[in-house]
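Reader: Please take me through this model by question and answer.

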Amino acid sequence: VPKDPGVFPKTITIDYGTGCKGRDGKWRSGKIITVYSKPLVAPGAQAVTEFNNYYVDSVKVEGRHVIRNNSTSAVLVMSRLVQNGKLTRPNGSYVKWNAEHTITQVAGLGTPLFPRDDEWNTTGGARGETFRRNITTTWSRQIMEPLHKAATCRWIDKGVVKVTRNDQTAVLNFGNGTCDNKATITKDGVVKEITLR
């Protein structure tokens, strides 16, 4: 609402009622409510999503999700925020977090009808905590060098992320721009190659 074309702000509500089963086999109940300030393709637009008693199976979903179009005439920039996100299981275990990421198009701007030459950089980070089996773990993830993703490559091919869990820190390095499913993780001076999935 409102249903009138071109009239904003516009609120879209997905109401699962007391529960229904999706094609993925999961049961959903409650509401997802998104308010669009104007069409999201327009610079300055934002979409704010909140949840009203929303569950996926038995997991309660809370928080606020914001997408903003910070683009100019010269560059396409989108930001994503998670504010007070929380997933809670019936046994009381949970994960909660805040996150802020900025996605900037770094190639392909001149060919909007040919998306295969598009490339993107992501910056930002997240922090939160997990409670499971009466143990609380704090964590954070900070992008130290922008994560690069090309439309023609399935994986992130470049960038560095620092990951902290309680007082333990590791560095995840996605490589030098070669399109492959390999990355390295370094902890306490020990480097290990991992396979991305």
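Reader: Which residues form the largest nonpolar core?
Author: This is a predicted model, where local features need pLDDT of at least 70, side-chain atom pairs count only at pLDDT 80 or more, and totals for chains, interfaces and linings use all residues. Residues are numbered from 1 along each chain as its sequence is written, and side-chain values use heavy atoms, with hydrogens and water left out. A nonpolar core is a set of buried Ala, Val, Leu, Ile, Met, Phe, Trp, Tyr and Cys residues joined through side-chain atoms within 4.5 Å; buried means under 20% relative accessible area, exposed over 50%, partly exposed in between (1.4 Å probe, protein chains only). The seven members are Ile143, Leu147, Val161, Leu172, Phe174, Ala183 and Leu196.

Reader: Which strands each supply at least two residues of this core?
Author: Strands are DSSP runs of E, at least two residues, numbered from the N terminus. Those asked for are S9 (135-150) and S11 (168-176).

Reader: Which cysteine does the disulfide join to Cys153?
Author: A disulfide is a pair of cysteine sulfur atoms within 2.5 Å, and the structure holds one. Its S to S distance is 2.1 Å, and the partner of Cys153 is Cys179.

Reader: Is Cys179 buried or partly exposed?
Author: Cys153 has a relative accessible area of 3%, so Cys153 is buried. The value for Cys179 is 42%, so Cys179 is partly exposed.

Terms used. Helices (H or I, at least four residues) and strands (E, at least two) are DSSP runs, numbered from the N terminus.
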